[in-house]
Amino acid sequence: MLTIALPKGRIAKETLEIFEKIFDKKFQFGERKLILEDDNFRFLLVRNQDVPTYVYHQAADIGVVGLDVLEEQRLDLVRLLDMNIGICKVAIGIKKEEELDFSKPSFKVATKMVNIARDFFSKRAIPVEIIKLYGSIELAPLIGLADMIVDIVETGETMKQNGLKPAYTIMESSAHLIANKNSFYAKKDEILDIYEKISLTIKG
Ligand code: PRP
């Protein structure tokens, strides 16, 4: 039995569709249910940012989560496969009428991805004050809380609708299949089997 943590939303839906293709049967959570059990798999529906936590603590053996979340959280996990879904980027956003200009003495950067943002600016010796937010990041430059944001851009629509534009791509992201280190050892055959099946399905 493998326990699999999935992030609520489109990635969970697309992952379950991959499982449906592989096993030729329905995998569907009941209304408002957060757990789906089957003979061989137990799926957990968790918050995106919580997937690595479940897998790291071995509450789940494997999981599916964005590379952006993995890079932000830096937990010791096995990265098995780029699933090529949930494609987005982590970008710097600024007001649409502005140009990216790092020559000012200091900047305020609002983000929920403080580690990725801090690394980016410190590697370039750009002095910034990082302001941690938990959501609605696009609001920050509009009301003067920050000069710029570091946030996820998928379609670009949220930035656009809030008078911002992506000005620099920090990293590209997509959903990855991850495993707990102990599970990967203890349940190697099962994990490699599903890894191979998923690989073949997303490539075919
Ligand atoms: C992200 C991000 C943006 C939005 C970008 O939030 O913070 O607000 O999506 O998407 P777009 O470019 O297609 O408009 P998301 O809803 O993924 O998650 P959150 O719950 O972590 O804020």
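The questions and answers below look at aromatic rings, salt bridges and a surface patch in a predicted model.

Reader: How many aromatic pairs are there, and how is such a pair described?

Author: A pair of aromatic rings is described by the distance of the centres and the angle of the planes. Rings count as a pair if their centres lie within 6.5 Å. By this rule, the count comes to 13 aromatic pairs.

Reader: Is the pair formed by Phe19 and Phe43 stacked or edge-to-face?

Author: The ring centres of Phe19 and Phe43 are 5.1 Å apart, and the angle between their planes is 90°. Since planes over 60 degrees apart count as edge-to-face, the pair of Phe19 and Phe43 is edge-to-face.

Reader: How many residues apart in sequence are the parts that Phe19 and Phe43 tie together?

Author: Phe19 belongs to helix α1, which covers residues 10–23, whereas Phe43 belongs to strand β3, which covers residues 41–46. Both of these residues, Phe19 and Phe43, are buried.

Reader: What kind of pair do Phe23 and Phe27 form, and which cluster do they belong to?

Author: The centres of the Phe23 and Phe27 rings are 6.2 Å apart and their planes stand at 75°, so this pair is edge-to-face. Ring pairs also link these two residues into a cluster, whose members are Phe19, Phe23, Phe27, Phe41 and Phe43.

Reader: Why are Arg10 and Glu14 separated by about one helical turn?

Author: Arg10 forms a salt bridge with Glu14, and their closest N and O atoms are 3.4 Å apart. Arg10 is exposed at 53% relative accessibility, while Glu14 is partly exposed at 24%. The separation is about one helical turn because, within helix α1, Arg10 and Glu14 are four residues apart.

Reader: Which residue forms a salt bridge with Lys25?

Author: A search of the whole structure finds 12 salt bridges, and in the one formed by Lys25 the closest N and O atoms are 2.9 Å apart. Lys25 is partly exposed, with a relative accessible area of 36%. The partner in this salt bridge is Asp38.

Reader: Which residues form the nonpolar patch on the surface?

Author: The patch has about 350 Å² of accessible area together. One of its members, Leu142, lies in helix α5 and counts as partly exposed at 37% relative accessibility. The residues that form the patch are Leu139, Leu142, Ile143 and Leu145.

Technical notes. Residues are numbered from 1 along each chain as its sequence is written. This is a predicted model: local features need pLDDT of at least 70, side-chain atom pairs count only at pLDDT 80 or more; totals for chains, interfaces and linings use all residues. Side-chain values use heavy atoms; hydrogens and water are left out. Patches are made of residues with over 30% relative accessible area and no salt bridge: like charges are joined within 9 Å, nonpolar side chains (Val, Leu, Ile, Met, Phe, Trp, Tyr) within 5 Å. Accessible areas come from the Shrake-Rupley method with a 1.4 Å probe; for residues, only the protein chains shown count as cover. A salt bridge is a side-chain nitrogen of Lys or Arg within 4 Å of a carboxyl oxygen of Asp or Glu. Helices (H or I, at least four residues) and strands (E, at least two) are DSSP runs, numbered from the N terminus. Buried means under 20% relative accessible area, exposed over 50%, partly exposed in between (1.4 Å probe, protein chains only). Rings of Phe, Tyr and Trp (its six-membered ring) pair if their centres lie within 6.5 Å; planes under 30 degrees apart count as stacked, over 60 as edge-to-face and the rest as tilted.
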